[in-house]
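Open the model in your viewer and keep the selection tool at hand. Each stop below says what to select and what is there.

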Amino acid sequence: MEDPVLQRKVEEWLKWSKNETDNKEIQALVDEGNADELQLRLFHRMEFGTAGLRARMGAGYNMMNDLTVIQATQGLCSYVIENIPDAKEMGVCVGYDGRYNSKRFAQLTSTIFLNKGIKVYLFSKLCPTPYVAHCTRHYKCACGVMVTASHNPKEDNGYKVYWSNGAQIISPVDKGISAHILGNLEPWETSWDVDFTETSPLRKDPFDDIHTRYQEDVKLLCHFSEKNKCSPVKFTYTAMHGVGYLFTRTSLEQFGFPPVIPVKEQVEPDPDFPTVKYPNPAALEPDPDFPTVNIPILQLKYGVVYFQVEPDPDFPTVKYPNPAAVEPDPDFPTVKYPNPAAVEPDPDFPTVKYPNPEEGKGALTLSMKTADENGSTVILANDPDADRLAVAEKVNGEWIIFTGNEIGALLGWWSWFTFRQRCPDTPASECYMFSSTVSSKILETIAKKEGFNFEETLTGFKWMGNRADTVLKEGKTVLFAFEEAIGFMCGSTVLDKDGVSAAAVCAEMATYVYNEGKTLKGQLNDIFDEYGLHVSNNSYYICHDQKIIKSMFDDIRNYNNTGKYPESCGQYKIKYIRDLTAGFDNSCPDNKPLLPVSKSSQMITFTFENGCVATLRTSGTEPKIKWYTEHRPDPASGMTREQTEAELQDMVDSIVRHFYQPQKNGLIARTS
């Protein structure tokens, strides 16, 4: 190799890594003379993004693998020891989903803490992300780690960190951890000893206790259990080849509901997500090959029969996954798109390309088919780690997939309605709801009329969770929080988005609404009739080149080379501009925004003269340039929903044409 600096990085990797597969991958690039790829992998590191790490699995410092997980955990462990004096007694919580390598990454994480004398609550089975948030807060752990890539494609994995309050980490903790990672890159002598997780007396298994406690806490969100027992609604469920089925099914049973109708093709976890293009929240539990085998059954609490939970990449006893089988199959040969009704995790996500319920009908195709075959009118879908929830309803023979903003409106209304039923004398001023700045302002509108407190935060549940923690410590009540990316926090047991509890709450809400002779869609219309119309139009373009993304946003800041922000977008006049990257907000007297500023991501919000609000931002976990728009016409204008939707679509078209300029910037349009 001609480049001596690159040669030293290769030697460093091969010295530090003990994973033969990863080392062979690096060596193959050396043998090919692929210096460009080696430089990409060895000179660039993953950075802490949305409360941790998320990237493609493979060899190199910019990917998820044994070595980078060890480095991240050594940094986290070092930071915890330095900043939390009682860390050894408090312990840490570690969980994992059904993706490829998730269990091993969790074992590597655990052994590092154990070898430093820190107690570790390591889940013995796959678990949903909300269980780790709940466990961290319940046991008052120093921190928690969930190994998951959430709804990302099957090639990815991630490392999500919770702090001692059970909320995702925010600054300055994330920056402190990052610094400690860079100071602890070389693996410690004991960091590869995963066997120690099986023999250390400091290792505890929280699965049964947290499963019981979490489900007991979920029951506190139930208000009409007797009516739920004879619900007029049949619910179809998919876990999107993820971990959700056991846990979400149990939460609904806690509310009194009969068993949900699972999407059989997606009943077991499969790390390949074979039935979907994007892994959707409706799949159940992961298994990489899902071979249709006779699986030993373990009887758990609440009458739930839990089938083989651990993925097996070989599944040697079958050629094709059986829809009745409980285990995942990475190829999922019988379906094109993964369905939210799957019951067990499959790291291949065989029925979907992207296991993300946000991706629309493509991810819910199997769910709709299953629902139609069983006379079911409501679909509940979790993403692979069960922290998100998608909802669909069949009305007048047509399936409607609710947006995250629409589900947020419904759950926000329901949270206030049920709270008032239960606590009619509690002052509204003692209650709080939250949503992110890119989400619908429907909660703000409801709060103005009903009198409770509403606060807007930066994008991401790490901000809402930490703000909720502060409010709770002041003795206030947190009723609900949501973000438009189908993330919902019902109550305050878990200070993060939680698709398991949200599914049960949604089912009870649907039952109540149907008993009133309405549909969820009808109830949504009633909410808008009472509080005012809120219409959203959200989507994205894909761009893998950070230079192009930066150039696009810089062009907006220097619009048409004027040195100023734009005054209009096509025919639509702009009233205010807030730039949380540059730290500018002309709606404030000093032009300084109230929300925190971050130069690490791009985010500009436009408030138009007609009341429409549009935010353009980059994703922290995916190569997307997203837009979030909402039109709230003045009720006095008399605009109908159809007129509002048409004007908003015309505004979006104008934003794409003038600000995104997809042809000039080579942006890739979202596919349906």
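Select Lys116 and Trp188: in this predicted model, Lys116 lies over the face of Trp188, 4.4 Å from the ring centre. Next, select Lys449 and Tyr531. Here Lys449 lies over the face of Tyr531, at 5.3 Å from the ring centre.

Now turn to pairs of rings. A pair of aromatic rings is described by the distance of the centres and the angle of the planes. How many aromatic pairs does the structure hold? There are 29. Trp413 is buried, with a relative accessible area of 13%. Trp414 also counts as buried, at 1%.

Move on to Tyr565 and Phe584, an aromatic pair that is stacked, with 5.0 Å from centre to centre and 15° between the planes. This pair links distant parts of the chain, 19 residues apart: Tyr565 sits in the loop between α19 (546–557) and β21 (568–569), while Phe584 belongs to strand β23 (residues 584–585). Are these two residues buried or partly exposed? Buried means under 20% relative accessible area. Tyr565, at 18%, therefore counts as buried, whereas Phe584, at 22%, counts as partly exposed.

For a cluster of rings, select Phe123, Tyr131, Phe207, Tyr214 and Phe247, which are linked by ring pairs. Phe247 is also one of the buried residues of helix α12, so select residues 244–254 next. This helix is mostly covered, with 10 of its 11 residues buried. Among them are Tyr245, Leu246, Arg249 and Gln254. After α12 comes Gly256, whose phi is positive, near 100°.

The last stop is helix α1, residues 4–16. At its start, select Asp3 and Val5: a side-chain oxygen of Asp3 reaches to within 3.0 Å of the backbone nitrogen of Val5.

Notes: Residues are numbered from 1 along each chain as its sequence is written. This is a predicted model: local features need pLDDT of at least 70, side-chain atom pairs count only at pLDDT 80 or more; totals for chains, interfaces and linings use all residues. Side-chain values use heavy atoms; hydrogens and water are left out. Helices (H or I, at least four residues) and strands (E, at least two) are DSSP runs, numbered from the N terminus. The expected span of a helix is 1.5 Å times one less than its number of residues. A polar contact is a pair of N or O atoms within 3.5 Å; within protein, one must be able to donate a hydrogen and the other to accept it, and residues adjacent in sequence count only if both atoms are side-chain atoms. Buried means under 20% relative accessible area, exposed over 50%, partly exposed in between (1.4 Å probe, protein chains only). Rings of Phe, Tyr and Trp (its six-membered ring) pair if their centres lie within 6.5 Å; planes under 30 degrees apart count as stacked, over 60 as edge-to-face and the rest as tilted. A charge sits over a ring if NZ of Lys or CZ of Arg is within 6 Å of the ring centre and within 35 degrees of the ring normal.
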